Amino acid sequence: MSEDPKITEKSENKEIVNTVENKRVPVPEKPWDEARVVVFLIGICLLIEGLLIFYQAGSSQVLVASVTGLGGLVMMLMAWLLPFDIEQLEEVDEEIIEEKETKAISEEKKVKLTQEVKSEQQTTAPPETKKAETKEEVTEKKNLETKKEDSSATSEKAETESKPEPELSWFQRLTNGLAKTRTGFIGKLKKLVLGSTKIDDDLIDEIEETLFEADVGVKTTEEVLNNLRKKVEEEDIKDSKLIYDDLRNQLRNKLAKYTEPPRMNPNGLTVFIIIGVNGVGKTTTIAKLANKYKKDGKKVILAAGDTFRAAAIDQIGIWGERAGVEVIRGQEGGDPGALVFDAIHAAKKREAELLIIDTAGRMHVKANLMAELNKVMKIVQKESDGGPHEIFLVLDATTGQNAVQQAKQFNEILPITGLIVTKLDGTAKGGVLFAVEEELNAPVKFIGVGEKMEDLMPFDPEKFLEALFADETDKKKESDYKVVK
């Protein structure tokens with residue numbers, strides 16, 4: 001009969017343990033510690049020293065030599081004959097035994113582990129099948145996790161989309177759009193005036209500097225300060241709040257001086273000509289105007305009259321699709337006058353109520369631009385009923401005094417009837433509105449305070465000043481300001 005390997009191995013392990021338990025590990029009978037060795041060595045040194053004294057001095061120093069040598073001999077005997085610490089011997093013995101037992105137990109564990117591994121290999125399936133199953137399980141788990149993540153992401157997205165964004169009133173949009181100008185220009189002016197304890201020439205000079213920095217313009221600044229000095233002298237004003245209120249009223253009067261709504265043709269087609277240099281946001285402004293008037297219930301058509309700039313026709317076509325209006329376009333590099341002629345007749349045929357004409361903005365070739373715009377102007381006058389009804393100049397508020405210079409140059413080409421100032425949300429120098437109105441004697445009719453379609457609004461001086469001078473604590477104030485649709 002064959003013996004059971006487990007029983008054999010167990011018996012072998014028992015023999016190993018018994019061997020450790022029965023055999024006494026050899027321990028030195030008298031282990032010398034460090035102190036005992038030192039005493040013994042000192043004794044040897046004293047014994048040798050006594051012998052040397054007797055050898056050198058002879059009988060005259062026999063007593064000293066004898067005492068020294070005897071002392072050394074006594075110390076040697078003490079080191080040799082004093083009893084050892086039995087507990088220490090036992091501790092050394094136990095440590096050696098424990099070390100041997102630990103080794104024996106670890107060997108027993110290794111034997112058991114080897115047996116278990118062998119038995120598992122015999123009972124389990126072949127390794128290749130195991131690996132294949134593992135790969136399939138891993139793939140299934142990954143697919144399940146991916147589905148869970150997709151479902152959770154979809155549910156989160158649905159929850160986010162289901163929550164409607166809070167609708168802002170148009171006055172809130174205006175207030176938010178003028179935040180930079182309010183904290184920059186108006187904030188500095190308010191801090192300067194209301195924080196002053198003395199009304200003198202130094203304060204007036206600092207106010208002048210602040211107005212210049214905000215691009216209010218030389219003409220407007222001089223007029224405002226002259227009126228302020230006159231009022232301070234005549235009324236002997238000492239209260240800084242009165243100065244602040246006077247500045248606010250003067251700026252309001254400046255803006256309200258040229259107020260005029262956009263002119264529309266009540267009996268037929270209204271024609272707007274849009275001019276401005278490239279890069280001021282002219283094309284997007286045209287799209288926003290189309291969106292506004294379409295939501296007002298009017299049928300709007302756009303004319304891609306900028307045939308010179310590369311991709312300008314495609315650009316206005318894209319914006320026309322977004323606004324949901326038709327675009328009359330021609331070939332790149334074609335005659336803009338011919339395109340405008342076709343656009344007017346197409347608008348009449350389709351019974352459109354508003355035609356908005358885009359034009360080129362090549363100020364670096366001023367002579368060609370002037371001839372082209374004059375041609376467009378004459379065609380509109382001839383083919384439309386009393387048109388053009390508005391010639392809007394689009395200006396970028398972030399360009400500051402450059403916008404004023406652009407306005408002067410375009411005013412030499414065409415009689416500008418209204419201004420559209422864009423990108424007011426991107427500048428802290430909103431004072432350019434005052435400067436450009438004074439230079440052209442033309443009203444600001446629309447302002448842009450953002451990039452969305454709804455961020456173009458008809459200009460209202462009262463609401464503009466209210467938003468410009470609004471306190472931060474007054475942000476939630478309701479307004480009857482109309483939203484551009």
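**Entry 1. Strand S1**

I looked up the side-chain directions in S1 of this predicted model: Thr270, Phe272 and Ile274 point one way, while Val271, Ile273 and Ile275 point the other way, and all are buried (under 20% relative accessible area, with exposed over 50% and partly exposed in between; 1.4 Å probe, protein chains only). S1 is thus recorded as mostly covered, with six of its six residues buried. Strands (E, at least two residues) and helices (H or I, at least four) are DSSP runs numbered from the N terminus.

**Entry 2. Partners of S1**

I then examined pairing, for which DSSP must find at least two bridges between two strands. S1 runs parallel to strand S4 (residues 354–358), joined by five bridges; phenylalanine 272 has isoleucine 356 as its bridge partner there. S1 also runs parallel to S5, with four bridges, and isoleucine 275 stands opposite leucine 393 in that strand.

**Entry 3. Helix H15**

In H15 (residues 401–413) I found Ala403, Val404, Gln406, Ala407, Phe410 and Ile413 buried. An α-helix has 3.6 residues a turn, so residues three or four places apart point the same way. The buried residues of H15 pack against S1 (270–275), H14 (366–383), S5 (390–396) and H16 (432–440).

**Entry 4. Aspartate 246**

I located aspartate 246 in helix H10 (residues 240–256). Aspartate 246 is buried, at a relative accessible area of 10%. Neighbours within four places in sequence aside, aspartate 246 is in contact (heavy atoms within 4.5 Å) with Leu228 and Lys231.

**Entry 5. Conventions**

Residues are numbered from 1 along each chain as its sequence is written, and side-chain values use heavy atoms, without hydrogens and water. Local features need pLDDT of at least 70 and side-chain atom pairs count only at pLDDT 80 or more, whereas totals for chains, interfaces and linings use all residues.
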